[in-house]
Amino acid sequence: MVAVFVNVSAPTLEDVELVLRLAESESTLTKRLWLQLARPTWFGQFYAQGHIERWLDSDDALRGRSINWMGNAGAKHCTEVADLLTARKQSPDYVVWLRSVTWRADLHHHRQLLELLLDAVRAGEINPADQNIWLSAHGLAEHQPLWAIEMLKACFVESPSALALGIDGKVTLFGIREYSATQMIEAACKAEPQAFAEAFVPHLLAVMNATHYDRHEQHLRQDRHFSLRLREESGYGDVDDALYNGVADALGDWAQTSPETIERVLQRLAVNEHDAAQSLLYRALIAGAGTFAPWAAELILQGGNRLEAGYLSDLQWLSREVVEAIAPVVSDEIHLQLEEQFRDLPASYKSPDLHYRLRSFGYTAFKFLSALDRRRLSPWGLRRLQEYQRKFDCDLPEPPTGITTYTVGSPIGGPATGKMSNTQWLQAMAKHDNDDRDLGSEIGGARELAQQLEARTAEDPLRFAGLAMQLTPETNAAYPAAILQGFGEAAIPEEAQHAVFDAIRHVMSLGLDNCDRWLGWAVRRLYDEIPFDIVEMVLNRALHASDPVDNSPVFVRRDDHQPGHDLFQNGFNTSRGSLAESLGDLLVHDSDGMRTELVAPHLAELASDPVLSVRACVAHTVAACLRYARPTAYSAFERLIDADDLLLASDKLDDLMIYIGNADPDVVDPVIDRMLSSTDTEVRRAGGRIAAFAALQWGRPALMERALASDVEVRGGLAEVCAARVDRSADSELVLSTLRRLMHDEADEIRKKVGVLAGHLRGDDLRPYAEFLADLIASPSYVHATPQLLITLQEAPDKVDDLVDLAAHHFLDIHGEDVADLRTGAAGEAHYISDLVVRGLAQTRAPERITALLDILDRLLELNVYGVDRAIDGAVRN
């Protein structure tokens, strides 16, 4: 039946009325009917009779249908769709509708929709970092490059966040990694180089000005985005690289094709004080050397900073490339002036190393002199060039390299350390008692030799336990610490355990602070066998070790800044933090409560540690005390959370609250309230997770409603837990109803988190979730649920042909011809559709279902989708 309606080329009023009568009762069939009729041929009649507008102003289900139809209305009905949206600009849901419609539409056919989208971006209503905005514009640069430049400018220049800086001092938007955005930049700058350069040169200069470092003496300013580049960085990887290289390439094309119109832009670059601006200028002058050689020579002859354009490994090489490009075309007089400037050009950097200065003397002059036309050099210039060539033993200087890496190795190689006696080890430790080494040397010191000692200890813990007994307080701490690390890596046989414990006691008696970090690690394979006095030792050092001294993190993520989430990892990489973690593990292995009895009186002191990351580790110690000392653990928990809210974002705190809440949720309720009200985004997200768990497992549905009404951070945590517990919640009705609401959340990041639920249903019977999954397929979250949902359907142990039908049709409605374009993600997922349809055909005997599934195969074959032939051939063979 559906196929009959879909194939109607010119629907009439009677056809519309028939559809409305058939769809009066809700069913899987009618849902599929509405999805399949969302196409240009039907839109006109439904719009003319006011149905599209009525749906848009109705409840959520009808509104979703309207948005779907508007997105699939095609270029013919662009004006009607834009008018519908424009009339509702004041609606609180306007931006959500606009995003949904533009996501489905081909924007290169919809100028009015594009203008609405760009207006929303300029107004700050749509974040340019949202992946969907770029997916909406797929193919825009190919069909309408000037429109693509408008979109790029709206996102990166005119957006309110265009110059917003992150904690790293960089423009936050330039840090997004979105392939569709960089692909658009690359295509637009090549298609319309002049328009692209005019749009972005001023903004790049503004970014340089906003992100530059303090000036060093009289040098050009360096900035955090574009300075100190590698010579190989000419591609379009990240947004900042893509825009910078796109502008450079566009300026080069413009300088070659229309040099008479570019000079104003080049002059603006020439007077700018940033090195990245001068590099853009020089790349344009190199491309347009035939026209701009006299001016380029004039700039080079100014010397000073004009010779300081280059790359990370050679700060003058780009200036040399300018000289090399103009040398064949400048006049003899200018060529001679350049030669005279370069013949004895001194180095701009004066090394404090006298030997280095002598070895490298003349290299800067050689670098530039060799870039000139050798045939036009004066006898004096040629003679000087030959002198340099003999001194540096090469005809031309080496081009800049990328990053050079090397490994600093042990002063004694691995095979040799395997044969060393204890006496030789002690002699080696005395000889290599520090980490001093020459710059660039590949031979290390104590640290590298200690790595060999760690490996040997792991191989033979009994033998090196004996060596440990000979160490003294004067031994470099790297060596006893390495033995402790080796014990932690070793499988220690029963006959060696007594010696290992004695070695641990002796090492810790040396009073070397660096060994505290590895005490707990040394016993991690012996938690059940460890003597009581070593448990006391771990407790003592957990209380009194000097490291860490403050809240300074051991590491900070470069891009995904999550200080709360990383608290435990930072704490674990300190002495007190690692010892608290090990103490918790020892308590987990407490078979009779004696260890807990030892630790419990000190639990509050441990929970009061002044360093937040250590407290994150102490959360594990408190949790381990719940078995034998629950009241004491509750008191320590209250002391533990009497700290900055950020602690509540730690995973270990989440675990502790769940352990407590499973028995006494009233203890945790005030903390959840605190988290949901926190000013810290990470804490609110963690609060959303705990609130969801409490609602689903502890019978607190009011927390679910509160979280749903909260901000995007709270809803994000909520969505994570609900998606993960879709098949294992104590309140299955609540988890499914919550996920249904989150599927339509206004924030794409929330819809993306909902999409992961499909993976949690893998291998389960799907019939109990059939209606729920049908709603997921019809929702905006569906795009994020693939390919995991498709794989889950493929592996379902029960009959799912109806869901296959819905999923396949909606997939093709969303992605259209992209399923055949191997450059897109949709093409990579399309083979799942082929396999699923074949499976659906094998499961059903219903004629209408068979027809619908065959229609999908027809569309896939018509589009020449990769993998569909293989799926059909496999089905035939089977």
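Trp521 is found in helix α30, which spans residues 516–522; helices here are DSSP runs of H or I with at least four residues, strands are E runs of at least two, and both are numbered from the N terminus. The model is a predicted one, in which local features need pLDDT of at least 70, side-chain atom pairs count only at pLDDT 80 or more, and totals for chains, interfaces and linings use all residues. Residues are numbered from 1 along each chain as its sequence is written, and side-chain values use heavy atoms, with hydrogens and water left out.

With a relative accessible area of 22%, Trp521 is partly exposed; buried means under 20%, exposed over 50%, and partly exposed in between, for a 1.4 Å probe and protein chains only. Not counting residues up to four places away in sequence, Trp521 touches Leu484, Gln485, Gly488, Glu489 and Ser582, where contact means heavy atoms within 4.5 Å. Ala724 lies 203 residues from Trp521 along the chain, and the C-alpha atoms of these two residues are separated by 32 Å.

## Overall architecture

The secondary structure of the protein chain comprises 52 helices and 0 strands. Along the principal axes, the C-alpha atoms of the chain fill a box of roughly 95 × 95 × 55 Å.

Of the 878 residues of the protein chain, 54% count as buried. Among contacts between residues at least 6 apart in sequence, 72% join residues at least 24 apart.

## The α14–α15 helix pair

Helix α14 (residues 193–211) and helix α15 (residues 239–257) have axes that come within 9 Å and cross at roughly 135 degrees. These axes are lines fitted to C-alpha atoms over the stretch in contact, and angles run from 0 to 180 degrees between N-to-C directions. The two helices α14 and α15 are therefore oblique to each other: angles under 35 degrees count as roughly parallel, over 145 as roughly antiparallel, 65 to 115 as roughly perpendicular, and the rest as oblique. The crossing of α14 and α15 is left-handed, a term for a near helix turned anticlockwise from the far one by less than a right angle.

On the α14 side, the contact involves Pro193, Gln194, Phe196, Ala197, Glu198, Phe200, Val201, Leu204 and Met208; these meet Leu243, Tyr244, Gly246, Val247, Ala250, Leu251, Asp253 and Trp254 in α15. The residues of this contact divide into 13 nonpolar, 2 polar and 2 charged. Ala, Val, Leu, Ile, Met, Phe, Trp, Tyr, Cys and Pro count as nonpolar, Asp, Glu, Lys and Arg as charged, and the others, Gly among them, as polar.

## Cysteines

The structure holds 0 disulfides, a disulfide being a pair of cysteine sulfur atoms within 2.5 Å. For Cys78, the nearest cysteine sulfur is that of Cys155, 18 Å away; Cys78 counts as buried at 6% relative accessibility. For Cys617, the nearest cysteine sulfur belongs to Cys625, 15 Å away, and Cys617 is buried with a relative accessible area of 0%.

## Backbone features

Most residues other than glycine have a negative phi, and most peptide bonds are trans. The peptide bond from Asp547 to Pro548 is cis, with omega near 5 degrees; Pro548 is placed in the loop between α31 (532–544) and α32 (567–572). A cis peptide bond also joins Thr786 and Pro787, with omega about 0 degrees, and Pro787 sits in the loop between α47 (782–785) and α48 (788–795).

Asp393, a residue other than glycine, has a positive phi near 55 degrees. Asp393 is found in the loop between α23 (379–392) and α24 (414–417) and is exposed, with a relative accessible area of 70%.
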